[in-house]
Amino acid sequence: MEWTQNYYNELIQKLDQFTRKYYINKLIRGSLYFVGLMTLLFVAFNLLENQFYFSRDVRKFLFISFILTSGYTLFQWVFNPLMHYFRLGQMISHQEAAKIIGTHFSNVQDKLLNVLQLKTQAVNYTDRTLIDASIQQKANELHPVPFLSAIDYNKNKKYVRYALIPLSLLFGILLVAPSMIRDSTKRIIENNTEFKKAALFSFSIKEKDLLVPQGEDFKLLVEHSGSVIPNEAFIEIDQMQYRLKKENDSQFSYVFNNVQQATTFKIVSGNIQSDNYQLKVALNPVLIKLQAKLDYPDYTGMKDETLQNSGDMSVPVGTKISWTLEADHTAGLFYSLGNSRIKNSMQQRGENIFQFSVRAMKDDPYVVYLKNSYFTSFDSVQYLLSTIPDQYPQINVQTFEDSTDNTIIYLTGDASDDYGLNDLKFNYQIITKNDKNPTVISTKINLTASK
């Protein structure tokens, strides 16, 4: 009885070993199937995307389909046999294993199935002597049969081509035209992003900084590159198209005349368009307002005043002039006085307000310099500051004697000054023989009466 049981246990052990080798064989074959199918699917999706540039929805469908297919086949062809190898999940029964072995050893299947059936029936009998003897006989007959040889790993060599051909195709494309795979894969993965199909040619702007001084002309040079040379090209401004001048086989040009403001444009040729560009304008610094507050010297008796937008001026000597200037598109204002080349910085009092002051002592030109971030050189405006000198008072005196009394002398004449007289005195001395230091006598003259 014991030796019969040992033959049966050995048979079951050999069936279990066969089952594990069966799943290893399925794992090898499934891995080859998985690699081949997913590589082929990967190449097919990328070639289709490279050719047709699908929309976002189609690319999302391709991406999800690839992920789901990969997950399903990986589980069925790789993970499932691997789990069964470790006796996880539902495995094939001994009867199913016997049938598989029977396809390789034609004279074994019936005996093997019969042994398994007898073992099952033996459970229901009290006297199992005859059944055990039968199991012993059949198990003994099956003892020399090499069940494991029913599975030959070498037969999987013919399935290697299912993985090798797609892999060779993939590596060949990567070697010859890697962008077909790289760019298509990027677009399929980033399926929420809208991509434009690469054109047969493209336009580029030669100038790095599209900047022109206000009021000047600007020549735009447009270059193109690609497998096709366009015969003509247009510039589109405010939905209006203007033909570009063809300079040579690789370059077009267009002239913006008297540019006053920033202009947005793009280059068009057929259904191919460039990105939007903007020609920026370097605005010239502009002097908007010039105000001069005149603080006249006290001696003039003149009332202080303010001049508007009067650069050239004539003022009495000693007048303090305080300028307030308003400028636009200006980063700083400077001034120079006379023949000096030194540019003195004005004080900034606001965003566009600048101030400086001088005291007029002589005739001098003065220059206002304007500067902004667009230009390295200064823009300048020159004015003339004239001074009116203070004239000395003028006195004209005549004398004559009284015709009836020669002791009486009359004085007559006039006195004047450019800003008027506020004090006039008559000073005289009476000289005698005995008085060596005669006293100076001063008499104030009424100016009102003397005018």
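**Stop one: a sheet**

Select strand β19 (residues 364-371) and strand β20 (residues 379-388): the two run antiparallel and are joined by seven bridges. Strands here are DSSP E runs of at least two residues, helices are H or I runs of at least four, and both are numbered from the N terminus; two strands pair if DSSP finds at least two bridges between them. Now pick V367, which stands opposite Q382 in β20.

This is a predicted model, where local features need pLDDT of at least 70 and side-chain atom pairs count only at pLDDT 80 or more, while totals for chains, interfaces and linings use all residues. Residues are numbered from 1 along each chain as its sequence is written, and side-chain values use heavy atoms, leaving out hydrogens and water.

Widen the view to the open sheet of five strands, with mixed pairing and the order β13-β20-β19-β15-β16. At its edges stand β13 (313-316) and β16 (344-345), each with a single partner strand, so one side of each has no neighbour in the sheet.

**Stop two: helix α2**

Next, select T73 in helix α2 (residues 56-85). T73 is buried, at 6% relative accessible area (buried means under 20%, exposed over 50%, partly exposed in between, with a 1.4 Å probe and protein chains only). Show its side chain: a polar atom there lies 2.7 Å from the backbone oxygen of T69. Leaving aside residues up to four places away in sequence, T73 touches F34, L37, M38 and V78 (contact means heavy atoms within 4.5 Å).

Terms used
Polar contact = N/O pair within 3.5 Å; in protein donor to acceptor, adjacent residues only side chain to side chain.
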